[in-house]
Amino acid sequence: MNASAAAAIDSVPAPSAAGNADIQGRVEYLTFLTHGKRFAAPITEVREIRNWSNPTSLPHAQSHLLGVVNLRGTVLPVVDLAMRLGMGPTEPAPRNVFVVVEVDDRPVGLLVEAVADIVAPGPDDHQPLPESSAEVSDLIAGLILADEGMIQVLQLSALQPTRHEMGDAAKTRVEEAN
Amino acid sequence: MEAIRQAFFEECDELLDQLEEGLLALQDGAGDGDTIGAVFRAVHSIKGGAGAFALDVLTDYAHAFENVLDQVRSGTLALDQDVVMVLLRAADVLADVARATARDEVPDAGAIAAAKAELSSLDPNGGAASAPPAAEPVFAPLALDGLDDLPDLPDPEGAPDDDGPTPALPTGAVRDWTIDFEPLPGLLTSGNEPLYFFRSLAVLGELRVSCDTTGLPGLDRLDPSDLMLRWRVHLIPTAFDLTRTEIENVFDFAEGLCHLKIVEGTPARDDTLPEPIANPAIDPTTSAPPPPSVPSPDPTAAPRPESAGAVQLGPLPQAAVVPLPPAAGTSARPVAKKPGTGVNPSEMRAKPQSTSVRVDLQRVDDLVNLVGEIVIAQAMLSQIASEPARHQELVGTLDSLNQLTLEVQDSVMAIRALPVKPLFQRMSRIVREAAQMTSKDVRLTTSGEDTQIDKTVIELLADPLTHMIRNAVDHGLEEPKTRKAAGKAATGTITLSAAQRSDRVLVEIADDGAGIDRAKVLAKAREKGLIEADTNPEPAEIDRLLFLPGFSTSDQVSELSGRGVGMDVVNRAIQDLSGTIAIQSDPGRGTKLTVSLPLTLAILDGMIVSCRGERYVLPLASIVETQILEGSKIEGVAGGGQVVLMQDHMVPMFDLGLLLGRPYVGVVEEERTVLLIEPGDGAPFALVVDGIESQRQVVVKGLGESVGRIPGVSAATILGDGQVALILDGVGLQMLARRSHAKPERLAS
């Protein structure tokens with residue numbers, strides 16, 4: 001999520017899903033665990049949380065694109081968040097879920113280890129991402145300082161498996177096959 | 001009232017379609033008398049309806065149009081290609097006027113005037129009046145020598161102006177009536193429409209209507225709100241006891257707005273006719289109307305009523321006869337009755353036709369089955385809900401209900417598939433207009449109009465298609481002179497075709513023009529900095545440059561297409577429909593654009609195969625044969641490929657798993673399941689799968705933009721157990737095979 005979008009969300013009253021009086025006027029984030037690290041997505045971008053179901057794999061797809069699952073009759077692409085962030089595959093566990101987020105009207109499921117909770121950080125709790133040379137930093141929009149430690153806010157639009165990537169991935173795979 | 005008006009415009013759209021369809025048939029030489037009749041009636045019905053709603057501009061224009069069509073119908077005006085072109089353009093203007101009127105906008109007066117002028121230039125009579133219909137030859141000779149001085153003559157003999165029965169008629173026999181109806185100025189503006197009088201009269205019995213058009217001024221002096229026609233109606237009542245009052249009641253609303261003369265008996269000159277129409281001896285219950293060739297009473301032959309003095313009869317009065325059978329359902333003698341000269345009662349009554357969608361019966365059956373399942377699921381829910389302990393089952397049943405509901409939704413969506421015909425028909429107009437603007441002769445040929453695409457796709461395809469057609473006319477086709485010099489026909493041809501290729505619809509726009517001037521395109525692209533100056537792209541790559549944003553080769557920006565956005569916009573619009581566009585150009589021979597569109601909402605007959613633990617769907621249409629093959633039947637060829645003999649041909653063989661990047665796991669079975677695939681336009685090939693599961697209809701689900709286009713995969717579906725399966729596409733698999741030079745599968749040693 002970029003800064004302007006975040007500002008726009010700031011201006012709308014946050015839903016009271018957490019039932020906390022403190023959160024009025026603040027953006028709420030859904031936080032989840034992946035490889036023991038905490039990540040967050042603005043709750044307004046989260047459509048739902050789905051239990052794990054076995055994805056149908058897509059040929060020649062990038063390794064983080066697990067495949068597609070049936071989301072009540074629509075075909076939902078699912079991405080292994082840990083793989084996407086370069087942390088290796090998510091270990092199968094009973095608490096694994098897909099966090100379904102919607103970016104640019106396109107839903108995508110993120111496989112996470114487990115959902116943690118909902119936080120509503122105050123303005124002071126937000127921290128910009130320190131300058132970093134890592135490519136992965138494109139995927140992180142910012143940081144939240146919480147009592148338990150740092151939470152990384154995902155740049156959801158960067159997580160979309162795009163057409164371009166697909167084509168490249170397919171080419172690479174085909175070449176690898178030779 | 002608004003609803004009725006709305007219904008009229010809907011009907012109007014259909015009539016306009018019929019009109020264009022008919023004219024196009026005539027243009028192709030496929031039309032006959034019936035086609036001309038249909039064309040005429042379409043315009044006539046529009047005029048009638050427009051009159052009823054006092055849509056003066058529309059009525060007026062439709063009237064002018066109808067006049068010319070009437071002459072075509074009567075044979076006075078020969079129907080050659082030029083005339084058809086004028087009529088087509090006139091139909092375009094009629095459509096514009098109707099649509100503008102529907103939106104309460106003021107129609108383009110300039111266009112109307114131009115179209116009218118063009119129409120009247122066709123009219124041998126200068127648009128003043130309808131010519132005597134040649135179809136009723138008997139009628140003309142009867143006309144009216146020496147009638148110039150007749151208008152003021154007293155009432156004809158044998159038509160006494162009283163209610164008493166004519167002595168010659170036996171009691172109980174049907175007495176005929178002759179009604180002279182002459183509208184006065186103000187009839188139309190008071191909301192009356194003569195057609196409705198005739199319809200009301202038609203309820204009373206069979207009508208023979210003749211119309212006197214001599215009062216019509218020239219087109220230039222014509223005031224559409226002023227009805228200059230006069231009619232004589234010969235009414236053969238269905239009921240023998242029809243009274244004058246009943247007839248008068250029909251014209252109740254027009255009291256004071258017309259001159260009306262109702263006399264009992266047939267028109268005066270009937271006795272001079274070889275075969276009187278109403279022979280009193282004929283039993284009313286069996287008498288059929290005389291065949292069309294029998295002369296009808298001539299209105300102008302009979303003296304006009306007193307009022308006619310106001311209108312001077314010309315030396316050659318002209319009239320048309322339209323027999324109106326009585327309205328169905330009210331007739332006391334319908335049995336032996338045949339409609340008159342090809343005029344169908346329903347058409348005369350301009351009853352709104354219901355819009356309908358053609359649906360494959362299978363789809364309806366699927367829906368019925370689904371609804372049945374939903375009812376069962378609902379019953380189960382009610383049952384379970386009453387027993388608190390069965391919460392788990394409740395959730396499961398709810399899930400299946402959800403699934404069913406979605407399937408119903410999909411089935412209903414599939415019904416939305418419509419043929420592309422109306423879209424193609426609209427394109428013929430685009431071609432005409434573009435041809436006129438560029439002064440080129442262009443012919444549009446279409447094929448595959450019955451190909452079905454989802455309604456939404458059809459709607460969204462209209463704009464890009466228009467762009468492409470205009471481009472083809474403007475940039476693709478050469479000037480007639482250039483064409484002749486190149487040894488081609490002066491008339492350029494644009495071919496528009498549609499066809500379904502397994503799970504995609506291909507729409508092709510081809511012209512036989514000069515092809516793409518690649519040197520020019522390249523120079524332009526370099527000039528605009530769209531490509532590096534030192535690159536030397538392949539011809540196909542050059543052609544693709546046309547799709548780059550801001551590209552336009554036209555030296556002068558033409559009004560028609562050269563805004564430099566055309567093909568870029570087209571490309572994006574097609575991509576928005578999850579389609580692709582390919583361009584193919586042959587210098588000197590023409591250019592072909594192929595738009596490939598997915599059938600996003602279609603249902604597909606598929607074969608479900610398993611491979612490496614996943615299930616895939618192959619379109620049944622592309623599968624020629626399935627076989628279980630011994631490994632020994634598979635031959636390796638030098639260079640590493642594998643071939644197998646299927647259907648008497650050696651075909652290349654590929655393993656599906658390898659194509660999809662999934663290597664063998666474990667030991668390869670000695671016996672292999674092989675499918676012979678014949679993709680849309682590629683060569684057949686054999687595909688090895690691990691097994692065949694079943695054959696069934698699947699609902700095609702687009703994979704969506706998130707996933708993008710996956711080589712070899714066209715879409716996905718959801719199987720009965722809720723798992724997603726990918727739908728494979730033969731052409732894509734073949735391309736995949738070619739691109740990867742997929743390694744031959746190694747036989748288990």
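Visitor: In which sense do strand β1 (residues 29-34) of chain A and β2(A) pair, and over how many bridges?

Guide: Happy to! The pairing of β1(A) with β2(A) is antiparallel and runs over six bridges. Two strands count as paired if DSSP finds at least two bridges between them, while strands (E, at least two residues) and helices (H or I, at least four) are DSSP runs numbered from the N terminus. To pick out one pair, A:Thr31 has A:Ala40 in β2(A) as its bridge partner.

A word on the ground rules. The model is predicted, so to speak by its own terms: local features need pLDDT of at least 70, side-chain atom pairs count only at pLDDT 80 or more, and totals for chains, interfaces and linings use all residues. Residues are numbered from 1 along each chain as its sequence is written, chains are lettered from A and ligands numbered from 1 in the order in which they are written, and side-chain values use heavy atoms, with hydrogens and water left out.

Now step back to the sheet around that pair. In chain A, six strands make an open sheet with mixed pairing, in the order β8-β1-β2-β11-β10-β9. At its edges stand β8 and β9 (126-127), each with a single partner strand, so one side of each has no neighbour in the sheet.

A:Arg38 and A:Asp117 form a salt bridge, 3.6 Å from N to O; the term asks for a side-chain nitrogen of Lys or Arg within 4 Å of a carboxyl oxygen of Asp or Glu. A:Arg38 sits in β2 (residues 37-42) and A:Asp117 in β8 (residues 114-119) of chain A, so the contact ties together parts that are 79 residues apart in sequence. A:Arg38 is buried, at 13% relative accessibility, whereas A:Asp117 is partly exposed at 32%. Buried here means under 20% relative accessible area, exposed over 50% and partly exposed in between (1.4 Å probe, protein chains only).

Leaving aside residues up to four places away in sequence, B:Leu703 touches A:Val68 and A:Val75, and in chain B its contacts include B:Ile710 and B:Leu726; contact means heavy atoms within 4.5 Å.

B:Ile430 takes us to helix α12 (residues 421-438) of chain B, where it is one of the buried residues, as are B:Arg429 and B:Arg432. The cover over the buried part of α12(B) includes α1, α4, β7 (442-447), α13 (455-476), β9 (492-501) and β10 (504-511) of chain B. The 18 residues of α12(B) should span 26 Å at 1.5 Å a residue, and its end C-alpha atoms are 26 Å apart, which agrees; the expected span is 1.5 Å times one less than the number of residues. Just after this helix, B:Ser439 has a positive phi of about 55°.

B:Asp13 and B:Arg99 make a salt bridge with closest N and O atoms 3.4 Å apart. B:Asp13 lies in α1 (residues 2-27) and B:Arg99 in α4 (residues 81-102) of chain B, so parts 86 residues apart in sequence are tied together. Both ends are partly exposed: B:Arg99 at 32% and B:Asp13 at 33%.

Elsewhere in chain B, B:Arg232 and B:Asp180 form a salt bridge at 2.6 Å. B:Arg232 belongs to β3 (residues 230-237) and B:Asp180 to β1 (residues 177-183) of chain B, so this pair joins parts 52 residues apart. B:Arg232 is buried at 4%, and B:Asp180 is buried at 5%. Over all chains, the search finds 27 salt bridges.
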